[in-house]
Amino acid sequence: KTQPRLVKDQAVSEQFFLRPFSPGLHNLSYTFFLLPRFPNHFLSGFLAKKMGAWVPYLCLTYGWRLDKIMVRPLYLSCTISASPNVAPGKMINRIRKETSKNVFKTFPEFFENNPSKDFWAPGYMLINGNYTPSNQIIVDFIKQTRNYQGISLVRKV
């Protein structure tokens, strides 16, 4: 019968001392924002619910840690932590590609007028760290993106 025994040799036990892992020292956090390509496509209802499931699954699949997700009617915002060898642009493009594929498969009506195979508007807003910008910065990002697309958001009275 084998029983655990205490190693009395101090030199041997010190060799195997493990320090606690601190993810803050090894991972970098990014907060990014994506807009649907068309201003009349809203992230609400069942689409918002599905988006809230797809993004965490993608993060788990690729080994990233999802710190925060906000699915709003006008935009998607995520804060993700990943190792330094993960380029944030590649991470965002992977999320764009995979969520677009899921949106078009689950909601074919979004694909009918959008043969680009990208549900999201061109570009994104990226912030280093776990930082939520002011509402004005988000509004400005939406306006700049729509202006880049040639879409005016000015309402006529």
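In which helix do Glu 98 and Arg 94 both lie, and how many residues apart are they? The legends below, prepared for a predicted model, begin with this pair.

View 1. Glu 98 and Arg 94 both belong to helix H4 (residues 88–106), where they are four residues apart, about one turn of the helix. The two residues form a salt bridge whose closest N and O atoms are 3.2 Å apart. Glu 98 also meets the side chain of Lys 101 in a salt bridge, again at 3.2 Å from N to O. Lys 101 and Glu 98 are three residues apart in helix H4 and are therefore separated by about one helical turn. Buried means under 20% relative accessible area, so Glu 98, at 13% relative accessibility, counts as buried. Arg 94, at 29%, counts as partly exposed, and Lys 101, at 49%, is likewise partly exposed.

**View 2. The salt bridge between Arg 96 and Asp 118.** The structure holds five salt bridges, and one of them joins Arg 96 to Asp 118, with the closest N and O atoms 2.7 Å apart. Arg 96 lies in helix H4, whereas Asp 118 lies in the loop between helix H5 (108–112) and strand E4, so the pair ties together parts that are 22 residues apart in sequence. Both partners count as buried: Arg 96 has a relative accessibility of 8%, and Asp 118 has one of 17%. Together with Arg 37, Arg 96 and Asp 118 are linked in a network of salt bridges.

View 3. A pair of aromatic rings is described by the distance of the centres and the angle of the planes. A search of the whole structure finds eight aromatic pairs. In one of these, Phe 107 and Phe 110 are arranged edge-to-face, with 5.9 Å from centre to centre and 65° between the planes. Phe 107 and Phe 110 are each buried. Phe 119 and Trp 120 also form an edge-to-face pair, with 5.0 Å from centre to centre and 85° between the planes. Phe 119 is buried, as is Trp 120.

View 4. In strand E3 (residues 76–82), seven of seven residues are buried. Both faces of E3 are covered: Leu 76, Cys 78, Ile 80 and Ala 82 are buried on one side, and Ser 77, Thr 79 and Ser 81 are buried on the other. E3 runs antiparallel to E1, to which it is joined by seven bridges. Within this pairing, Ile 80 of E3 is the bridge partner of Tyr 30. E3 is also antiparallel to strand E2 (residues 65–71), with six bridges joining the two. Met 70 stands opposite Ser 77 in E3. Four residues lie between E2 and E3, which form a hairpin.

**View 5. Strand E4 beside strand E1.** Strand E1 (residues 28–34) pairs with E4 in the antiparallel sense over four bridges. Phe 33 stands opposite Met 125 in E4. The side chains of E4 (residues 125–128) alternate along the strand. Met 125 and Ile 127 point to one face and are buried.

How values were computed: Residues are numbered from 1 along each chain as its sequence is written. This is a predicted model: local features need pLDDT of at least 70, side-chain atom pairs count only at pLDDT 80 or more; totals for chains, interfaces and linings use all residues. Side-chain values use heavy atoms; hydrogens and water are left out. Buried means under 20% relative accessible area, exposed over 50%, partly exposed in between (1.4 Å probe, protein chains only). Two strands pair if DSSP finds at least two bridges between them. Rings of Phe, Tyr and Trp (its six-membered ring) pair if their centres lie within 6.5 Å; planes under 30 degrees apart count as stacked, over 60 as edge-to-face and the rest as tilted. A salt bridge is a side-chain nitrogen of Lys or Arg within 4 Å of a carboxyl oxygen of Asp or Glu.
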